[in-house]
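Dear colleague,

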Amino acid sequence: MAKVRDGDPEKLGLLYERYKRPLLGFFVGMVRDRELGEDLVQNTFVRILKYRHLFRGDGDFRTWMFHIARNVKNDHFRKNKMVHEKVEKWEERIEDTSDKISEWQSDDEQRMLAVALDKLPEDKREILLLSKFQEKKYKEIGDILGCSEGAVKVKVFRALQELKVIYQQVEKMM
């Protein structure tokens, strides 16, 4: 990133190749729409290029990038005043998965987990995506969210507790 900041914007392509997948996973987990997630990844890198002069280099690039990604997502929803889709519509999308019987159980578990995640409040879903799916350290998440490492631990614990309750409810319905 230091090379991009110092006047070599072509190096941004390397960063894009390295980080597009984790960002896409984060966005798809948050917005439940792959196409929109891809757009948000591109917007994140456009914003990284635009604000490259603000990268000081004294912290982790990924933390800075995810901080920008959160802002891109929030700005997108603020501008478009989009309402998250109902769970029923989202479920229709994920039902296009494999027909293999051996994968059904795993698919059902993943579907129930996805439904439970979708029912979590956005802030809790976001912190679980960062900690469990992006495998970010609590310190990094604290830097992204602007809170202490201890606060992140508490938030993750509470989000997991709520996810567990919702998952059990979803499991009974299916």
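The side chain of R32 comes to 3.3 Å from the backbone oxygen of G29. The model is a predicted one, and the distances quoted here are computed from it. A polar contact, at 3.5 Å, also links the side chain of R32 to the side chain of D118. R32 itself lies in the loop that joins α2 and α3. With a relative accessible area of 12%, R32 counts as buried, because the cut-off for that class is under 20%.

H76 is located in helix α4, and its relative accessibility of 17% places it in the buried class. Between H76 and L40 the separation in sequence is 36 residues, while their C-alpha atoms are 8.2 Å apart in space.

I turn now to the nonpolar core. The largest one comprises 42 residues, and F45, I48 and F61 have the most contacts inside it. At least two residues of this core come from each of α2 (12–31), α3 (34–50), α4 (61–80), α6 (104–119), α7 (122–133), α8 (138–145) and α9 (149–173). Helix α2 provides the largest share, namely nine residues.

Which residues is I48 in contact with, leaving aside its neighbours within four places in sequence? They are M1, L12, F61, W64, M65 and I68. Of these partners, F61 is also named with I48 among the residues that have the most contacts inside the largest core.

Yours sincerely

Methods
Residues numbered from 1 in each chain as written. Predicted model: local features only at pLDDT ≥ 70, side-chain atom pairs only at ≥ 80, totals over all residues. Heavy atoms only, no water. Core = buried A, V, L, I, M, F, W, Y, C linked by side-chain atoms within 4.5 Å. Buried < 20%, exposed > 50% of the residue type's maximum accessible area, 1.4 Å probe, protein only. Helix = DSSP H or I, 4+ residues; strand = E, 2+ residues; numbered from the N terminus. Contact = heavy atoms within 4.5 Å. Polar contact = N/O pair within 3.5 Å; in protein donor to acceptor, adjacent residues only side chain to side chain.
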